[in-house]
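Thanks for coming, everyone. Let me put the structure up and walk you through a few places in it.

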Amino acid sequence: MTAARRLMVVAAHPDDESMGFGGVLARYASEGVETFLVTATRGGGGRYRGHAAGSGEHPGSAALASLRERELRAAAATLGIHRVDVLDYTDRHLDRVTVDDGVPAIAEHIRRARPHVVLTFAPDGAYGHSDHVAISQLTTAAIVAAADSSFDARGRDLGPAHAVSKLYYLAWDERAWTAYRAAFKKLVFVADGVERQATPWPAWAITTVIDTRQWWQTVWHAVSCHESQVDAYAALKTLRPDQHEALWGSQSFYRAFSLVNAGRQRESDLFEGIDA
Ligand SMILES: [Zn+2]
């Protein structure tokens, strides 16, 4: 019997799984891969249907967090995700999570699920979002910790060590960014008074492109589960099917490391080189 192939996404917020990784999650689940999602926050720091926190229309961060967790679980069911875990860190404060706290928390999930492949944000946080940058760093460190049987989790039992075979970072190229820019309000993040914007990856730096055309409607359904964020997605509802396909029909990544393959040839499968 061949062991099931396992894939884990580590994300920062409810909706990252659909917006950033929905295509691959839907595709691999449909191909019998066991998919796992770890989401670091419940998204309580966000807007509610376009209304800022503190306004009369906003339900408050605790109520929004509960609502967004429900939306997350509905989206995950749509994408066929096998198991969802929410770490419940504070939205917009992920860059204040310490190594002693965040690394074992993620490593524990990696050791339990034992994924062959892990996906997360790139160090650029897609558009400089500090939570995305933080989850990229914490996840990368957690993979090292999960594989190290001598890792000191300060008395916490994280389970037996597990070496992830491949780590990927989300890497949107110019084409993907053009589709995003057409569909969304400008994606910017302000940190330390500096406005950060998306910087597309050069096409040559993208190691892996996954065809997810067949699953674009599933991804769109999953995105639509995040009703509380509907204002940000309002423009999406007016898109033609071909524009949706441009958004969700392919996903590109940077292979940060692999223990099973190497070289310059572009991959079309996240499990390339893995026997399971
Ligand atoms: Zn996010």
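Where is the place of Asp-85? Asp-85 sits in strand 3. Keep in mind that this is a predicted model.

Is Asp-85 buried or exposed? Asp-85 has a relative accessible area of 14%. The cut-off for buried is under 20%, so Asp-85 counts as buried. Its side chain makes a polar contact with the side chain of Arg-83, at 2.8 Å. Leaving out residues up to four places away in sequence, Asp-85 touches Leu-37, Val-38, Thr-39, His-109 and Arg-112.

Next, strand 1. This strand covers residues 6-11, and 6 of its 6 residues are buried. In a regular strand the side chains alternate between the two faces of the sheet. Here, Arg-6, Met-8 and Val-10 point one way from strand 1. Leu-7, Val-9 and Ala-11 point the other way. Both sets are buried.

Which strands pair with strand 1? Strand 2 does, in the parallel sense, over 6 bridges. Within that pairing, Met-8 has Phe-36 of strand 2 as its bridge partner. Strand 4, residues 117-120, also runs parallel to strand 1, joined by 3 bridges. There, Val-9 has Leu-119 as its bridge partner.

Now the metal. Which residues are the protein donors of the zinc ion? They are His-13 through ND1, Asp-16 through OD and His-132 through NE2, lying 2.1 Å from the zinc ion. Along the chain, the donors follow the spacing H-x2-D-x115-H. His-13 and Asp-16 are both buried.

On to helix 3. Helix 3 has 18 residues, 61-78. At 1.5 Å a residue, helix 3 should span 26 Å. Its end C-alpha atoms are 25 Å apart, so the two values agree.

Which residues of helix 3 are buried? Leu-64, Ala-65, Arg-68, Glu-69, Glu-71, Leu-72, Ala-75 and Ala-76. Look at the spacing with this in mind: an α-helix has 3.6 residues a turn, so residues three or four places apart point the same way. What covers the buried residues of helix 3 includes helix 1, strand 2, strand 3 and helix 8. After helix 3 comes Gly-80, with a positive phi near 75 degrees.

Last topic: charges. How many salt bridges does the structure hold? It holds 15. I will pick out a few.

Arg-156 forms a salt bridge with Glu-108, and the closest N and O atoms are 2.8 Å apart. This pair links distant parts of the chain, 48 residues apart. Arg-156 is in the loop between helix 6 and strand 5, while Glu-108 is in helix 4. Arg-156 is partly exposed at 38% relative accessibility, and Glu-108 is partly exposed at 29%.

Arg-213 forms a salt bridge with Asp-211, with closest N and O atoms 2.7 Å apart. Arg-213 is partly exposed at 47%. Asp-211 is partly exposed too, at 32%.

The side chains of Glu-267 and Arg-255 meet in a salt bridge of 3.2 Å, N to O. Glu-267 is in the segment after strand 9, and Arg-255 is in strand 9, 12 residues apart. Glu-267 is buried, with a relative accessible area of 2%. Arg-255 is buried at 11%.

One network to finish. Salt bridges that share partners join Arg-42, Glu-69, Arg-73 and Asp-88. Glu-69 is also among the buried residues of helix 3.

Conventions:
Residues are numbered from 1 along each chain as its sequence is written. This is a predicted model: local features need pLDDT of at least 70, side-chain atom pairs count only at pLDDT 80 or more; totals for chains, interfaces and linings use all residues. Side-chain values use heavy atoms; hydrogens and water are left out. Helices (H or I, at least four residues) and strands (E, at least two) are DSSP runs, numbered from the N terminus. The expected span of a helix is 1.5 Å times one less than its number of residues. Buried means under 20% relative accessible area, exposed over 50%, partly exposed in between (1.4 Å probe, protein chains only). Contact means heavy atoms within 4.5 Å. Donors are N, O and S atoms within 2.8 Å of the metal (3.2 Å for Na, K and Ca); water is not among the atoms, so sites may look incomplete. A polar contact is a pair of N or O atoms within 3.5 Å; within protein, one must be able to donate a hydrogen and the other to accept it, and residues adjacent in sequence count only if both atoms are side-chain atoms. Two strands pair if DSSP finds at least two bridges between them. A salt bridge is a side-chain nitrogen of Lys or Arg within 4 Å of a carboxyl oxygen of Asp or Glu.
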